[in-house]
Amino acid sequence: MKLPPIVTAQASLSTEELSRYSRHILLPEIGLQGQQRLKNSRVLVIGAGGLGSPALLYLAAAGIGTLGIIDFDRVEASNLQRQIIHRMSAIGTPKIESARQAIQDLNPHVQVQLHNMRLDNSNAIELFQQYDLILDGTDNFATRYLVNDACVLANKPYVWGSIYRFEGQASVFWDAAPGGGLNYRDLYPEPPPPEFAPSCSEGGVLGILCASIASIMATEAIKLITGTGESLLGRLAVYDALQMSYRFLPLQRAPERQPITELVDYQHFCGLRAPAAPAIDSALPSIGVTQLKQLLESETAVDLIDVREPNEWDIVRIPGARLVPKRDMLAQLAHGERLDRQHRIVVYCKAGGRSREVVHAMRNAGYENVHNLEGGVLAWVSQVDPTLPAY
């Protein structure tokens, strides 16, 4: 869909900027006015991670006047496989600080505004109102629905991208777009069940895929600001890196979609915080990694079960464990297969979420001497054996 420029006022360019952006200005579709609009624009990027990293670099290089970054994480070594805005020297520092340094090194004409906080219902609308355009590079459905609804209520267009393993998606959403708009709930009226929506930290992602999708997102941002070309509004771009194929699917307004009038409990909406969860968790017996270490060193018989995926097992494991992925473990329980009830059973995963689900199912199946490992294998690495790799 062809849209008018969302930024109409134009900022003047210095002699150095005219030279820096000359390859843009030479494009008739952008020209001097388009570059001036870019300088006058204010763009908020949510997340300085896999998608936010390349998008921030390209938007800074393109001459966006003000770039806002919201993120509350710190740089870890496992980020560097795909989050190209960060460097080894930044490990342990806030991602927004690392990103600001990279942007300033690339283009000192860009003003960077940092928001070191978690995006939530209390701050989303007010924050979005400070910008012309939002780029959503988040990796979970709860935040995506929050971003969408806040953009609708703040009357802001936003560019959305998603990556998982070897596939990525991107689109533009603007509920109040001239001529009729769409929002994220037209693409996904309901969130998928949590078990079918693993994060990149569980399912993995091809690092360079981030650049492919982020480049689409940055392109759409520049087109929206300058009024150049056809927008992805009303279409979904799907990229398969294994097949090296692009598909563009038409989007339509969901027939059952209700007007968005307020922000809701998105954790509950996405099935991440069911009302019964606190009672279930509080009843589950658990064990700490220090206590587990003592048990493994004693004469006590312990059946240590790792319910992660095989590729996670290949990265790191607790000595003495055996691998039974969560889906296989739940299937065994459903078919009545039994473990040795004489042994103490300890179940672990990466950080404790999947193992809690398995322990709950085992308790329902009649196992009494079963415990969940608090913090999972990551806690074992940090507290017991830091020589092992984390991920």
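# Exercises on a predicted model

Pro-108 is exposed, at a relative accessible area of 55%. The model used throughout these exercises is predicted.

**Exercise 1. Place Pro-108 in the chain, and find how far its C-alpha atom is from that of Gly-63.**

Solution. 
- Step 1: Start with the cut-off. Exposed means over 50% relative accessible area, and Pro-108 has 55%.
- Step 2: Look at the neighbouring elements. Pro-108 sits in the loop between helix 5 (95–106) and strand 3 (111–115).
- Step 3: Take the C-alpha atoms. Those of Pro-108 and Gly-63 are 9.8 Å apart, while 45 residues separate the two along the chain.
- Step 4: Turn to Gly-63. This residue follows helix 4, and its phi is positive, near 100°.

**Exercise 2. Decide how far helix 4 is enclosed by the rest of the structure.**

Solution. 
- Step 1: Helix 4 covers residues 52–62.
- Step 2: List the buried residues. They are Gly-52, Ser-53, Pro-54, Ala-55, Leu-56, Leu-57, Leu-59, Ala-60 and Ala-62.
- Step 3: Conclude. Nine of the 11 residues are buried, so helix 4 is largely enclosed by the rest of the structure.
- Step 4: Of its 391 residues, 49% are buried.

**Exercise 3. Describe the overall make-up of the chain.**

Solution. 
- Step 1: Count the elements. There are 17 helices and 13 strands.
- Step 2: Box the C-alpha atoms along the principal axes. The box is roughly 75 × 50 × 40 Å.

**Exercise 4. Which residues have a positive phi although they are not glycine? Work through Asn-155 and Met-244.**

Solution. 
- Step 1: Take Asn-155. Its phi is positive, about 55°.
- Step 2: Locate Asn-155. It lies in the loop between helix 7 (141–154) and strand 5 (158–164).
- Step 3: Check the surface of Asn-155. With a relative accessible area of 45%, Asn-155 is partly exposed.
- Step 4: Take Met-244. Its phi is positive too, about 50°.
- Step 5: Locate Met-244. The loop between strand 7 (235–240) and strand 8 (245–250) holds it.
- Step 6: Check the surface of Met-244. At 58% relative accessible area, Met-244 is exposed.

**Exercise 5. Work out the spacing of Lys-293 and Glu-297 in helix 13.**

Solution. 
- Step 1: Confirm the salt bridge. The closest N and O atoms of Lys-293 and Glu-297 are 2.6 Å apart.
- Step 2: Use the helix. The two are four residues apart in helix 13 (residues 289–297), so about one helical turn separates them.
- Step 3: Check the surface. Lys-293 is partly exposed at 33%, and Glu-297 is exposed at 57%.

**Exercise 6. What is the nearest side chain of opposite charge to Asp-136, and how far away is it?**

Solution. 
- Step 1: Locate Asp-136. It is in strand 4 (residues 133–136).
- Step 2: Find the nearest opposite charge. Arg-144 is 5.3 Å away.
- Step 3: Apply the cut-off. A salt bridge needs the atoms within 4 Å, and buried Asp-136 has none.

**Exercise 7. Describe the second largest pocket and the largest cavity.**

Solution. 
- Step 1: Name residues from its lining. Of 14 in all, the closest to the centre are Arg-185, Arg-257, Gln-258, Pro-259 and Ile-260.
- Step 2: Sort the pocket lining. Six residues are nonpolar, two polar and six charged.
- Step 3: Turn to the cavity. The largest cavity holds about 30 Å³.
- Step 4: Sort the cavity lining. Two residues are nonpolar, four polar and two charged; among them are Leu-3, Lys-223 and Glu-230.

Definitions and conventions: Residues are numbered from 1 along each chain as its sequence is written. This is a predicted model: local features need pLDDT of at least 70, side-chain atom pairs count only at pLDDT 80 or more; totals for chains, interfaces and linings use all residues. Side-chain values use heavy atoms; hydrogens and water are left out. On a 1 Å grid over the protein atoms alone, a cavity is a set of points where a 1.4 Å probe fits but cannot get out, and a pocket is an open set with protein on both sides within 12 Å along at least five of seven lines; lining residues have an atom within 4 Å of a point. Grid points are joined across faces, edges and corners, and a volume is the space filled by probe spheres set on the points. Ala, Val, Leu, Ile, Met, Phe, Trp, Tyr, Cys and Pro count as nonpolar, Asp, Glu, Lys and Arg as charged, and the others, Gly among them, as polar. Buried means under 20% relative accessible area, exposed over 50%, partly exposed in between (1.4 Å probe, protein chains only). Lys and Arg count as positive and Asp and Glu as negative; His and the chain ends are not counted.
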